[in-house]
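Subject: Structure handover

Hi,

Here is the structure we discussed. My notes follow below it.

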Amino acid sequence: MKQFEAEIISNRAVAPGWKELVLSWDKGAGQPEPGQFLSLRVSPRSDPLLRRPFAFSGMSEDGGRVSAIYQVRGPATSILAELAPGSAIDAIGPLGRGFPRPGPGELAILAAGGIGLGPVLFLAKSLAASTLVLGFREASALPRLDLPQGCVTCTDDGSSGFRGKPSEWISRNVPSGLVRLYGCGPAPMLAALAGLAAERSWASSLSAEQWMACGVGACMGCALRRSDGAGYLRACSDGPVFSADAGRPSPVDWNPRRPT
Amino acid sequence: MSADLSVRIGELVLPNPVGVASGTFGYGSEYEALVELGSLGALYTKAITLEPRPGNDVPRIVETPSGLLNSIGLANPGVEAFLTDKLPALLAYPCPVIVNVAGATEAEYLAVLQRIEATLGPQASGHPDGPGIVGYEVNVSCPNVKHGGLAFGTDPAQVERLTSSLRAVTKRCLIVKLTPNVADIGSIARAAEAGGADAVSCINTLVGMAIDVGQRRPRLATVTGGLSGPAILPVGVACVYKASRAVGIPVIGLGGIMGPEDALQYLLAGASAVQVGTGTFVDPTTPARVLAGIGSWMEANSVMRVADIRGMLR
């Protein structure tokens with residue numbers, strides 16, 4: 001982990017509202033692993049104030065560049081979206097705990113929902129063999145990226161590939177057996193994947209998305225409810241990837257609950 | 001001759017005026033890879049309570065204009081786990097460490113302090129100026145817990161009684177952290193002084209609320225939270241100005257410090273030292289930049305001792 005000034009190599013649109021950022025990477029910071037993230041300060045101004053976390057979506061072969069796919073959604077990502085190649089940006093990383101390798105004999109099933117695509121693509125590239133299942137709202141949301149051969153595309157409206165959610169495709173098409181189910185996406189998708197893993201006694205490694213203030217484990221702001229009811233886990237440093245062995249519940253309660 | 005950056009608080013001498021605020025720096029290890037701990041004037045730990053606290057329901061944080069609204073709820077492992085798991089590393093850090101203490105009742109604050117004192121043993125006499133646990137910061141100002149915290153910090157009589165009962169069990173530096181959520185911060189500062197505090201620190205966060213208009217729902221699970229960041233800088237500076245004119249003991253200023261100018265405002269307003277909090281989240285080099293900038297300002301203004309800045313407001 002290190003704080004350094006990264007150079008923006010490219011910052012191109014890859015889908016409606018999505019961009020792919022490529023940054024120079026200081027190798028002294030350590031080599032990023034799939035599932036880990038970096039935090040960026042998009043502007044020296046005080047509004048927007050906090051750094052923003054972005055999951056790595058890839059790394060160049062020589063380790064000198066990293067990428068992140070992000071959705072332009074609020075003030076910080078809107079500023080980021082306007083930064084031109086050659087600009088400097090304050091980066092900290094790699095942060096958090098990434099995806100573990102599949103255990104001996106475990107089949108790797110990778111599911112991504114929406115912008116959760118980035119870390120899952122990075123993971124797929126690092127594995128010799130995996131089944132990759134990607135979910136999107138509709139065909140027009142599919143990114144212009146080199147998606148791996150043989151990956152399964154799902155859309156909510158059936159406008160491309162399988163009609164339905166990645167969890168539904170996996171439930172129908174993956175036979176029971178020794179599986180590690182990897183996932184990154186919106187909370188309802190993670191809840192569905194955790195439920196599926198529990199039902200089939202699969203191991204799971206699911207990556208959370210949460211607002212963060214410090215990104216390093218100090219502020220306790222990015223808490224997620226533990227599934228055993230015993231308090232909270234930090235998305236930034238206990239995660240963002242939370243793993244469970246076969247037959248064990250996911251450590252995080254993925255079911256979105258309204259504030260009481 | 002180089003400038004004298006040291007700060008005297010009661011018997012305690014801190015190497016420089018720039019500390020890192022409680023609740024924003026964990027127990028130090030979280031930031032060890034990013035911040036040179038040896039350059040810190042003091043490290044104020046995350047608050048410790050008698051029993052472990054899981055913290056508040058989520059969501060706990062939301063960004064507001066130039067601010068951070070939080071409701072963590074004093075999440076901490078409790079004093080026993082603190083002594084076992086956190087203290088050994090804290091004692092080995094190359095900077096002075098001040099343990100922030102919180103509780104729901106006076107008895108709880110007292111028990112936490114006694115437990116830590118019993119483990120550390122009495123402080124060596126003389127002027128402690130090295131690393132180690134050199135003092136306590138008493139949190140009577142957390143807006144995010146139902147009992148204790150603010151309930152103490154808004155009542156001068158309770159602040160004085162709590163301070164004097166804690167004073168009786170430690171010779172280490174005792175700092176009372178004040179809330180800005182009061183009509184007259186001077187009266188609370190005087191109560192801490194009367195109770196035997198070596199210093200007061202101000203300010204803790206301001207009570208705030210943010211609403212998701214689309215959902216028609218508060219953005220924090222606890223509805224209200226504590227506001228920090230640049231948005232509260234002028235409030236903190238005013239509180240330090242008032243508190244430092246109400247008491248003879250040193251005042252430690254915090255709230256919204258992002259750079260040297262912000263810290264210098266606090267020092268000119270009457271603070272003897274400062275703490276960087278949310279500014280560290282935004283940029284972990286903030287404490288070091290602030291310290292360097294104070295040094296440059298002193299040089300440019302021919303000020304030899306950081307302690308002299310306090311009297312320089314025109």
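B:Ile309 touches B:Leu264, B:Leu267, B:Leu268, B:Ile294, B:Trp297, B:Met298 and B:Val303. That list leaves out residues up to four places away in sequence; contact means heavy atoms within 4.5 Å.

This is a predicted model: local features need pLDDT of at least 70, side-chain atom pairs count only at pLDDT 80 or more, and totals for chains, interfaces and linings use all residues. Residues are numbered from 1 along each chain as its sequence is written, chains are lettered from A and ligands numbered from 1 in the order in which they are written, and side-chain values use heavy atoms, with hydrogens and water left out.

B:Ile309 is among the residues that touch the most other members of the largest nonpolar core, which holds 138 residues. A:Ile170, A:Trp254 and B:Tyr31 are also among them. (A nonpolar core is a set of buried Ala, Val, Leu, Ile, Met, Phe, Trp, Tyr and Cys residues joined through side-chain atoms within 4.5 Å; buried means under 20% relative accessible area, with a 1.4 Å probe and protein chains only.) Helix 4 of chain A, residues 187–200, gives the most to this core: seven residues. (Helices are DSSP runs of H or I, at least four residues; strands are runs of E, at least two; both are numbered from the N terminus.) A second, separate core has 23 residues, including A:Leu117 and A:Tyr182.

Now chain A overall. It has four helices and 16 strands. Of its 260 residues, 54% count as buried. Its C-alpha trace spans about 50 × 40 × 40 Å along the principal axes.

Best wishes

How values were computed:
Buried means under 20% relative accessible area, exposed over 50%, partly exposed in between (1.4 Å probe, protein chains only).
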